[in-house]
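Please look over the structure below.

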Amino acid sequence: MLSLGADLGPEQRREALSRFASEQFDVLVIGGGVVGAGAALDAATRGLSVALVEARDYASGTSSRSSKLVHGGLRYLEQLDFSLVREAQRERSLILNELCPHLARPIPFIYPLQHRGWERLYVGAGIALYDALGRRSGVPRHKHLTRSGARRLFPGLREDALVGAIRYYDGQVDDARHTMTLVRTARRYGAACANSVRVVDFRRCGERVAGAVVRDLESGAELEVRAKHTINAAGVWTDEIQRLVGGRGELRVRASKGVHLVVPRDRIDGTVGVISRTQNSVLFVIPWGGHWIIGTTDTDWILDLAHPAASRSDIDYLLAQANKLLRTRLTRDDIQGVYAGLRPLLAGESDATSRLSREHAVVTPVAGLTIVAGGKYTTYRVMAKDAVDAALQARGAAAPESVTSRVALVGADGFAALWNARERLAAESALEPRRIEHLLRRYGSLLPDLLELIAEDPALGQPLAAAPQYLRAELRYGAEAEGALHLDDLLARRTRISIETFDRGVASAAEAARLAAPVLGWSDDVVAGEIAHYEARVAAERESQDQPDDRTADAARLGAPDVRAGASAPIPGSGGGAGPADGLARDPANRPPRPA
Ligand SMILES: Cc1cc2nc3c(=O)[nH]c(=O)nc-3n(C[C@H](O)[C@H](O)[C@H](O)COP(=O)(O)OP(=O)(O)OC[C@H]3O[C@@H](n4cnc5c(N)ncnc54)[C@H](O)[C@@H]3O)c2cc1C
């Protein structure tokens, strides 16, 4: 069934659930992160019938918690893995120029040099090769800079932090919005997609997997989704799903935690990003609208997968690393937001997670089930294509080749023309030009949807009182067309208010909930419950960020219940629950006591 509508509102979710119960799909995709969303789009645009289920919210796993870079993997050059870099460069170019130019943009970085002579030669040769592998990718070429040249671009750098620098370009995208837009695009091509729908078991036909048993976490109802082939794209939950099918599982995925801080733009004087080496990883200081993102860490994580917690030591480490570079020291008081994500790494031979490969793997451990894991955000499209290819091959089914390198995401079509007309659009809509630019960068050519909402109800054209960078219409639209089902979805992923304000979204919670209420049918009691859940989440996160280490931070974070009841409880038969390798940590009775 081909649907040209790309909305993900409550009505479409009901329709998807009813299709789950009645159709047999060619492909069922488990996981609405970037890889699962990409796989759903890949399969749908080959003409296959597709169901996509996401247990929590689209992108709520790793795919909203990355450094938000679309990059060719500069550091993989050191491993001399040219094909990996070339592939990522090609994907970067597609994302920036063809697939979603409204959501992604080139971003300049400087790499500060700390040693005279050899370092410029060594790093310069690497970056020149990086540019050469990505030639015709639509970003400017690198440039060598003197110390004063670099400090003109980034006056906030300490004078003793560099002897010179090299400027180069990568890409940037709002990961959560991009993943959600992939889901919308898959829906446009006929996929039935629903969030808050968790796979709790597999359907079997003899030994063969023939779909899944899923639970709608909003209603508690269970139903069976029949599918000729199932693709598991569950990121760090891969092992849990593998255990459901029994056996040892062919892939081992381990989780490595990466933490980022968000600080206001005026705290650091600079116009470009900075990338610098640390002892175990790299430090990024990345411009992000009215903010900077500072990251990241890279440490093993064996605790709760749904809510990885940043501890005090993670935050202190990042501040210390950033302060080695910055003229004006950052303190905890400068921090607006903190987020932690888990890299789904294929378990390799080395124990140091930062040395594990970011490449992906695709396996078909039993008939009817293909598992894809590993990789990185930038190469989601390749992972998705490989997974669908493997699924089709295992079934011996003929289908057209992947076409996703030529399928622009919703909002891309016509974006350039609207961008050129932004002054006129501002005059016609009575919105300031900077507002129109903000909207175009988030919705592209879907902008008229937002303008229509505002025309119908001019109050929606007002900014949110406590987060004036967003219009009230954006919150309404998040519920109406972007699949948000809870306040947390709106404040953490449809907008980024949860990491972009010092109050972490608490001051916007009531206004946002009132805007979503008419669309999602919330009574006053439900509105109050959503706000209470959100406040508890923020309080638990703040508490976790005061704890000295992972275990105590995890315990504090788990003090707030999940707004989707049952989203993180152990799946019977999966041999465990939240954590990948730590049965003790999964059992609440074995958790360390919550810190006072
Ligand atoms: C700190 C950090 C920084 C990063 N920075 C970058 C970067 O700058 N650039 C880059 O290219 N890559 C980056 N990455 C890597 C990139 O973010 C990940 O590789 C990518 O987001 C993983 O996507 P995924 O779809 O595999 O997993 P996820 O996004 O985690 O999606 C898996 C989904 O499966 C769902 N799920 C699990 N179990 C079930 C079930 N039983 N039923 C239904 N659904 C289920 C989960 O809820 C989840 O939403 C970074 C990663 C981290 C952690």
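## Helix packing

H2 and H9 cross with a right-handed sense. The model is predicted. The axes of H2 and helix H9 (residues 380–395) come within 8 Å, and the crossing angle is roughly 55 degrees. H2 is therefore oblique to H9, as angles from 65 to 115 degrees count as roughly perpendicular and those under 35 as roughly parallel.

On the H2 side, the contact uses Val 34, Val 35, Gly 38, Ala 39, Asp 42 and Ala 43. Facing them in H9 are Tyr 380, Arg 381, Met 383, Ala 384, Lys 385, Ala 387 and Val 388. By class, the residues of the contact of H2 with H9 are nine nonpolar, one polar and three charged.

## Two domains

Contact between the domains involves 21 residues of domain 1 and 19 residues of domain 2. On the side of domain 1 that touches domain 2, helix H6 (175–188), strand E18 (369–374) and H9 each supply at least two residues. H6 gives the most to this side, with three residues. This side of domain 1 holds seven nonpolar, ten polar and four charged residues.

## Ligand shell

Which residues come nearest to the ligand? Of the 39 residues around the ligand, they are Gly 31, Gly 33, Gly 61, Gly 235 and Gly 258. Domain 1 and domain 2 each provide at least three residues of the shell.

Helix H2 (34–44), strand E8 (197–205) and strand E16 (337–346) each supply at least two residues of the shell. E16 has the largest share, with four residues. The shell around the ligand divides into 15 nonpolar, 17 polar and seven charged residues.

## Backbone details

Two loops deserve a look. A cis peptide bond runs from Gly 295 to Thr 296, with omega near 5 degrees. Thr 296 sits in the loop between strand E14 (291–295) and strand E15 (299–300).

Ala 59 has a positive phi, near 70 degrees, in a residue other than glycine. Ala 59 belongs to the loop between strand E2 (50–53) and strand E3 (69–70).

How values were computed: Residues are numbered from 1 along each chain as its sequence is written. This is a predicted model: local features need pLDDT of at least 70, side-chain atom pairs count only at pLDDT 80 or more; totals for chains, interfaces and linings use all residues. A residue is near a molecule or strand if its C-beta atom, placed from the backbone, lies within 6 Å of it. Ala, Val, Leu, Ile, Met, Phe, Trp, Tyr, Cys and Pro count as nonpolar, Asp, Glu, Lys and Arg as charged, and the others, Gly among them, as polar. Domain bounds come from an automatic or database domain assignment. Axes are lines fitted to C-alpha atoms, for helices over the stretch in contact, and angles run from 0 to 180 degrees between N-to-C directions. Angles under 35 degrees count as roughly parallel, over 145 as roughly antiparallel, 65 to 115 as roughly perpendicular and the rest as oblique. A crossing is left-handed if the near helix is turned anticlockwise from the far one by less than a right angle, and right-handed if clockwise. Two residues are in contact if their C-beta atoms, placed from the backbone, lie within 7 Å.
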